[in-house]
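The stops below are arranged as a sequence of selections.

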Amino acid sequence: MYVRNHVPERKLPITLFFPSRSVAEALQNGDDIQSDTLLVSDKAADKTADVILLKGLHLSQGFVIDPGSSFMEDLFGLRFRKVQCVASALHG
């Protein structure tokens, strides 16, 4: 599963690959994921990684992915664009 998102402040796309079925399922179920609780790599061939950073983030940067509603959205009525996830085989 890939996630492509656009961070307005950075003007750069972020591309992540989720080779871990449990992480992909957590996201599909609307659960948050945090980089500090996962094995994150920037090597596309890393078969042990839960998340692979392909573009837009570095290993030194932490992240949280919240596929559900957010506190800011609930409080201020902010709208976030849903991101299309595409299943794909990176290793092959």
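This is a predicted model: local features need pLDDT of at least 70, side-chain atom pairs count only at pLDDT 80 or more; totals for chains, interfaces and linings use all residues.

Residues are numbered from 1 along each chain as its sequence is written, and side-chain values use heavy atoms, with hydrogens and water left out.

**Whole chain.** Begin with a cartoon of the protein, which has 2 helices and 7 strands (DSSP runs numbered from the N terminus: helices are H or I of at least four residues, strands E of at least two). Along the sequence their order is β-β-α-β-β-β-β-α-β. Of the 92 residues, 26% are buried (buried means under 20% relative accessible area and exposed over 50%, with partly exposed in between, using a 1.4 Å probe and protein chains only). Among contacts (heavy atoms within 4.5 Å) with a separation of 6 or more, 60% join residues 24 or more positions apart.

**Helix α1.** Next, select residues 21–28, which form α1. Val23, Ala24, Ala26 and Leu27 are its buried residues. Viewed down the axis of α1, these buried residues lie within an arc of 160° and so line one face of the helix (the arc is that of the directions from the helix axis to the C-beta atoms). They pack against β3, β5 and β6. Turning to the other side of α1, one finds Arg21, Ser22 and Gln28 exposed. Just after α1, Gly30 has a positive phi of about 90°.

**Nonpolar core.** Now show side chains for Ile14, Leu16, Phe18, Val23, Ala26, Leu27, Ile33, Val51, Leu53, Leu57, Phe63 and Ile65, the 12 residues of the largest nonpolar core (a set of buried Ala, Val, Leu, Ile, Met, Phe, Trp, Tyr and Cys residues joined through side-chain atoms within 4.5 Å). Two or more core residues come from each of β2 (12–17), α1 and β5 (51–55), and α1 gives the largest share, 3 residues. Centre on Ile65: not counting residues up to four places away in sequence, Ile65 touches Leu16, Phe18, Leu27, Asp31, Asp32 and Ile33.

**Ser35.** Finally, select Ser35, in the loop between β3 (33–34) and β4 (40–41). Is Ser35 buried or exposed? Ser35 counts as buried because its relative accessibility is 13%. Leaving aside neighbours within four places in sequence, Ser35 is in contact with Val40, Gly62 and Phe63. A distance of 2.9 Å separates the side chain of Ser35 from the backbone nitrogen of Phe63.

Conventions:
A polar contact is a pair of N or O atoms within 3.5 Å; within protein, one must be able to donate a hydrogen and the other to accept it, and residues adjacent in sequence count only if both atoms are side-chain atoms.
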